[in-house]
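Look at the sequence and the model below before reading on. The report then goes through the chain and a few of its residues.

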Amino acid sequence: MRKRIIPVLLLDKRRRLVKTINFGARTYVGDPFNVIRLFNEKEVDEICILDIDASPSNCGPDVGFMKELASECFMPLAYGGALSNLAQCEELNRAGVEKFILGRAAKDTNFINTLVSDLGSQAVVACVDVEGTGTQARCLSNRNSNDRPTPLAECRRLQDLGVGEIILQSVDRDGLRTGYDLDLIRSVAPNLSIPTVALGGAGEALHLAQALAAGASAAASGSAFVFIGKLRAVLVNYPSMQQMDSVIASLP
């Protein structure tokens, strides 16, 4: 399977695209329809939309909005945000969404089983949020529990349930643009039989290439595709296959 480069776009409650730092401070980066059209022109591998206000607001996905967005999207589209039942996912699927990203809902074994049975493993993606590094790294989703598994243990649990893909996200590096936690990727990706998508920390093509070299099946980012330079000027961009091949070839 060819390794992929995936823009991750964060959608707020006002239906704007924003970028966060450590899941906190937000920067406006554009209108979702305009950004999707730009990525269409750049022939992006796939797009991931995360509605970051859906769960805190206790509201479900805005299916009507996602249907409009999907109609403008000419590449595979994944969605995450307050997914809690099969009916939501089936409706989104009819609207044009191909993959469903589970965050908190990835703790619900019955929900995962239902989705896998109905939509297939290839449509079910679990986002595993990790804080800390090295042997201290633990899954954020269990913050309020005495049992906070290691990233590898949690990813293996999800794999065994039939999840088709893992997004491995370093919370500590979100928005910093200093590079991925490569040790985290190396500790997880080679030990799974399903694709691992690295997320959290990328700021340039070099970082994307490093994640792929560390074993990730795909390198995902928000910052790397919407910011340019140290001043974080907003500019939608995406490396060509030739650029990525060149950067990968230059790695030590």
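Are Phe225 and Tyr238 buried or exposed? Both residues are buried, where buried means under 20% relative accessible area, exposed means over 50%, and partly exposed lies in between (1.4 Å probe, protein chains only).

This is a predicted model, in which local features need pLDDT of at least 70 and side-chain atom pairs count only at pLDDT 80 or more, while totals for chains, interfaces and linings use all residues. Residues are numbered from 1 along each chain as its sequence is written, and side-chain values use heavy atoms, with hydrogens and water left out.

## The chain as a whole

The protein chain has nine helices and 13 strands. Helices (H or I, at least four residues) and strands (E, at least two) are DSSP runs, numbered from the N terminus. For 252 residues, a compact globule would have a radius of gyration near 18 Å, and the 17 Å of the protein chain agrees with that. This radius is taken over C-alpha atoms, and the globule rule is 2.2 Å times the number of residues to the power 0.38. Along the principal axes, the C-alpha atoms fill a box of roughly 45 × 45 × 35 Å.

Of the 252 residues, 55% count as buried. The accessible surface comes to about 11,500 Å², and 49% of it belongs to carbon and sulfur atoms. Accessible areas come from the Shrake-Rupley method with a 1.4 Å probe; for residues, only the protein chains shown count as cover. Among contacts (heavy atoms within 4.5 Å) between residues at least 6 apart in sequence, 64% join residues at least 24 apart.

## Aromatic rings

A pair of aromatic rings is described by the distance of the centres and the angle of the planes. Rings of Phe, Tyr and Trp (its six-membered ring) pair if their centres lie within 6.5 Å; planes under 30 degrees apart count as stacked, over 60 as edge-to-face and the rest as tilted. A search of the whole structure finds three such pairs, and two of them are listed here.

| Pair | Centre to centre | Angle between planes | Kind |
|---|---|---|---|
| Phe39 and Tyr238 | 6.5 Å | 75° | edge-to-face |
| Phe225 and Tyr238 | 5.6 Å | 40° | tilted |

Phe39 lies in helix 1 (residues 32-41) and Tyr238 in the loop between strand 13 (233-234) and helix 9 (241-250), so their pair ties together parts that are 199 residues apart in sequence. Phe225 belongs to helix 8 (residues 223-226) and is 13 residues apart from Tyr238. Phe39 has a relative accessible area of 0%, and Tyr238 is buried at 14%. Phe39, Phe225 and Tyr238 form one aromatic cluster.

Arg15 lies over the face of Phe65, at 5.4 Å from the ring centre. The rule asks for NZ of Lys or CZ of Arg within 6 Å of the ring centre and within 35 degrees of the ring normal.

## Cysteines

How many disulfides does a search of the whole structure find? It finds zero, a disulfide being a pair of cysteine sulfur atoms within 2.5 Å. For Cys89, the nearest cysteine sulfur is that of Cys48, 14 Å away. For Cys139, the nearest is that of Cys155, 6.5 Å away. Cys89 is buried at 0% relative accessible area, and Cys139 is also buried at 0%.

## Helices and their surroundings

Phe111 is found in helix 4 (residues 109-119) and is buried at 6% relative accessibility. Leaving out residues up to four places away in sequence, Phe111 touches several residues, among them Leu83, Cys89 and Leu102. Phe111 and Pro61 are 50 residues apart in sequence and 16 Å apart in space, C-alpha to C-alpha.

Gln88 lies in helix 3 (residues 86-95) and counts as buried at 14% relative accessibility. With residues up to four places away not counted, Gln88 touches Gly60, Pro61, Ala82 and Leu83.

In helix 7 (residues 205-213), the buried residues are His207, Leu208, Ala209, Ala211 and Leu212. These buried residues pack against several elements, including strand 1 (4-11), helix 6 (182-188) and strand 10 (196-199). Just after helix 7, Gly215 takes a positive phi of about 120°.

Gly222 sits in the loop between strand 11 (218-221) and helix 8, and is buried at 8% relative accessibility. Apart from neighbours within four places in sequence, Gly222 is in contact with Val8 and Lys19.
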